[in-house]
Amino acid sequence: MKVGIKHMMDFPLTLRSMLERGEKLFPKKEIVSRTLSGIHRYTYADYGQRTRRLSSALQTLGVKSGDRVGTFAWNNHRHLEAYFAVPCMGAVLHTVNIRLSAEHISYIINHAGDKVLLVDEDLVPLIENVKDQLGSVKAYIVMSDQKELPPTSLSPAYSYEELLQQGDPLYAYPEDLDENSPMGMCYTSATTGNPKGVVYSHRGIFLHSLCIGLADTLGLSERDSCLPVVPMFHANAWGLPFGAVWYGTKLVLPGPGPTPEVLLGLIEQEKVTLAAGVPTVWLALLKSMEAGDRDTSSIRAAVCGGAAAPRDMIKTFETKYNIPFLHAYGMTETAPVALVSRLKSYQEAWDTDEILDVRAKQGLLVPGLEMKVMGEKGEVQWDGQEMGELLLRGPWIADSYYNDERSQTTFSDGWLHTGDVATVDGEGFVKLVDRMKDLIKSGGEWISSVDLENALMAHPAVFEASVIGVPHPTWQERPVACVVLKEAHAGKVGEQDLRDFLADKFAKWWIPDRVVFMDKIPKTSVGKFLKRAMREMLKDTFA
Ligand code: AMP
């Protein structure tokens, strides 16, 4: 045999073939979507036709290859239609975070240069609020359950359902899209300044979608009933919608402002097997589950990421409710899944406490990516002790921010510098110690806010806890804990009780100097603790 350079097809990895597989092989499978008027159900056959109609309507409105089409929407079936309609026609899907400030919303729509904006009916007022600042938008499409366009000051505005009716259900997608062409973008909040844009390629999302279907990662498959609680405007809802359409997975989209009660109802009715959300979502679900008898027996994986999953919460889910927990780590810049904490086969024989320790780590690097953890003297020892910054590279890792000079600090030498401080144990499991900016430096030594938070959240009276470093005249910084007590315990547990609770778990100098009780902890637009706001609030504690 003559060995040449190339013996396999040069086949572009694009979303078109993912959509076509879903439509053709799973036409009977269901997509369930909670909308303002109730539960909407249809099949992948209907989905494929409506998605093609949307592409054809966008083309009629003048959308061309490379144009950005923004979405401003909850997790629902219309948003899912845009997820494939926009990239498959060669345009770029820009999922705008609906919870950002008006200033940031207009910044990112202008910065991305969105030509068309698809807006959920109930979110129209938020866009009306900023419409005079939007320079690039040529058309607004209002997504409503009704066919008629609801009254709006947006202009020109079109009704989504009317456009779809005029669209072509057989619209043919180009087969020659370059796999490296952009298919989507998402902005991530920066510590200071405007959000930063990440651009995803077809190839990156294709490979990421394959990755989350692997048995050793999330194992997403046709057999699942998948509930992405994580918003579709945040890091692609962790890639679940892309994988689900490809695999013919039943999707359950929770719609506008889903409460724990709504989510538990969907889990029961739709026999959800895999649900995904940030720790605050799971904590809120737990609170509702403890209040009543709910059937959650269908869940095979409670996927939790975006912030550290408290060990004690994992324990409650696994031991009290028999719900297998899957802790994962990622970033908007990593499409996002990069680490998943799945036990190795021989670890299953370990004792319960050791197993929980493993589950609470962020996990093993997923196949397809590479990592290193860089300490002060080079790569750290895999001893679970030495700390360093986590660096990642691979086919679904961004290599820059979109038109942003802040790229240089985050991306260098071919690696993404995550800004997360981690250790790696002898088995290769990564444990995040903290964000670099959240580590607390006291008397020249580091204190992990995450470890303290985890320990506090294991106290039976604590609902939520977040620990920050506050400037201190002697020690540079000292830890202060912000704590929300469970309603039944409010006023009954004091500062010293919690400090005593931590005493046998940490060195004395790690124990927070103050515990501040709050009604609620400020959160970011995606439900993480907003430490910046707490630092500002408490900055004079030791002054
Ligand atoms: P975002 O781009 O908004 O998804 O935020 C990414 C950041 O969230 C990461 O850099 C981490 O600091 C944090 N993060 C994500 N997953 C986890 C996790 N499982 N444990 C701790 N922090 C996490």
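Against which elements do the buried residues of α4 pack? In this predicted model, local features were considered only at pLDDT of at least 70 and side-chain atom pairs only at pLDDT 80 or more, whereas totals for chains, interfaces and linings use all residues. Residues are numbered from 1 along each chain as its sequence is written, and side-chain values rest on heavy atoms, with hydrogens and water left out.

Helix α4 spans residues 102-112, and its buried residues are I105, S106, I108, I109, H111 and A112; here buried denotes under 20% relative accessible area, exposed over 50%, and partly exposed in between, with a 1.4 Å probe and protein chains only. These buried residues pack against β3 (68-72), β4 (92-95), β5 (114-120), α5 (124-128) and β8 (182-188), where contact means heavy atoms within 4.5 Å. Helices (H or I, at least four residues) and strands (E, at least two) are DSSP runs, numbered from the N terminus. After α4 comes G113, with a positive phi near 75°.

The domain assignment of the chain, in which bounds come from an automatic or database source, gives domain 1 (15-212), domain 2 (367-435) and domain 3 (440-537). The C-alpha centres of domain 1 and domain 2 are 32 Å apart, and their contact takes 20 residues from domain 1 and ten residues from domain 2.

With residues up to four places away in sequence not counted, Y47 touches L19, I31, Y42, L80, E81, F84 and V245.

Helix α7 (residues 202-212) is largely enclosed by the rest of the structure, because nine of its eleven residues are buried. The buried residues of α7 are H202, G204, I205, F206, L207, H208, S209, C211 and I212, and what covers them includes α1 (15-25), α3, β8, β9 (196-201), α8 (240-247) and β15 (337-341).

E464 is placed in strand β25 (residues 462-472) and, at 4% relative accessibility, counts as buried. Its side chain is joined to that of K523 by a polar contact of 3.2 Å, a term that denotes a pair of N or O atoms within 3.5 Å; within protein, one must be able to donate a hydrogen and the other to accept it, and residues adjacent in sequence count only if both atoms are side-chain atoms. Leaving aside neighbours within four places in sequence, the residues in contact with E464 include T280, L283, M457, C482 and F529. K539, in the segment after α16 (531-537), counts as partly exposed at 37% relative accessibility. A polar contact of 3.0 Å joins the side chains of K539 and E536, and, with residues up to four places away in sequence not counted, K539 touches V470 and P471. K539 and V358 are 181 residues apart in sequence and 35 Å apart in space, C-alpha to C-alpha.
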